[in-house]
Amino acid sequence: VMMTPQLFINYKLQSVAHLNWRTMTYKSINTFIDDLFAFVITMPIMHRMACLRDDVIFFIFLYQRYKYRVDYTRVNEFGQCAQPTEEMLAQIEEETETAEANQTVTESSGSDGVRRRRGAREKRD
């Protein structure tokens, strides 16, 4: 049941890139341990049904992992992507050129970019 919100997130984004393998491994180990104890130890039928429900959700999650492959061109929450497209590279290059042009304008204006404090004698003038 803990994985149910993740199913909706995966479906809405059509991607599983935001869930790493470590998290999936922990959830799968938890599911299998629950199954093991549910069928080895004498337990009420309702608990066994809950474990079956968890298995169904886990298999849906595995299907989503198979269906929604990781899109390496998608930008993550930090503004980075593994394989940028040509458009992205052109935009980054344009931003770099703009930043360099702004830096040369600042340097050519004569100031070092450092504000100097005026002394008491300069304030009187």
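**Aromatic pairs, a nonpolar patch and a salt bridge**

Phe 37 counts as partly exposed, at 42% relative accessibility. The model is predicted. Phe 37 sits in helix H2, which spans residues 21-40, and it contributes to a nonpolar surface patch of about 550 Å². A search of the whole structure also finds two aromatic pairs, and the salt bridge count comes to one.

**Nonpolar patch**
- Besides Phe 37, the patch is made by Ile 29, Ile 33, Leu 36, Val 40 and Ile 41.

**Aromatic pairs**
- Two aromatic pairs are found in the whole structure. In one of them, the ring centres of Phe 32 and Phe 58 lie 5.7 Å apart with the planes at 75°, so the pair is edge-to-face.
- This pair links distant parts of the chain, as Phe 32 belongs to helix H2 and Phe 58 to helix H3 (residues 45-67), 26 residues apart.
- Phe 32 is partly exposed at 47% relative accessible area, whereas Phe 58 is buried at 4% relative accessibility.
- One aromatic cluster is formed by Phe 32, Phe 58 and Phe 59.

**Salt bridge**
- Arg 53 and Asp 54 meet through their side chains in a salt bridge, with an N to O distance of 3.7 Å.
- Asp 54 has a relative accessible area of 17%, which means it is buried, since the limit is under 20%.
- Arg 53 is partly exposed, with a relative accessible area of 41%.

Methods:
Residues numbered from 1 in each chain as written. Predicted model: local features only at pLDDT ≥ 70, side-chain atom pairs only at ≥ 80, totals over all residues. Heavy atoms only, no water. Patch = residues over 30% accessible without salt bridge, like charges linked within 9 Å, V, L, I, M, F, W, Y side chains within 5 Å. Areas by Shrake-Rupley, 256 points an atom, 1.4 Å probe, with all protein chains shown as cover. Salt bridge = Lys/Arg side-chain N within 4 Å of Asp/Glu carboxyl O. Helix = DSSP H or I, 4+ residues; strand = E, 2+ residues; numbered from the N terminus. Buried < 20%, exposed > 50% of the residue type's maximum accessible area, 1.4 Å probe, protein only. Phe/Tyr/Trp six-rings, centres within 6.5 Å; stacked < 30°, edge-to-face > 60°.
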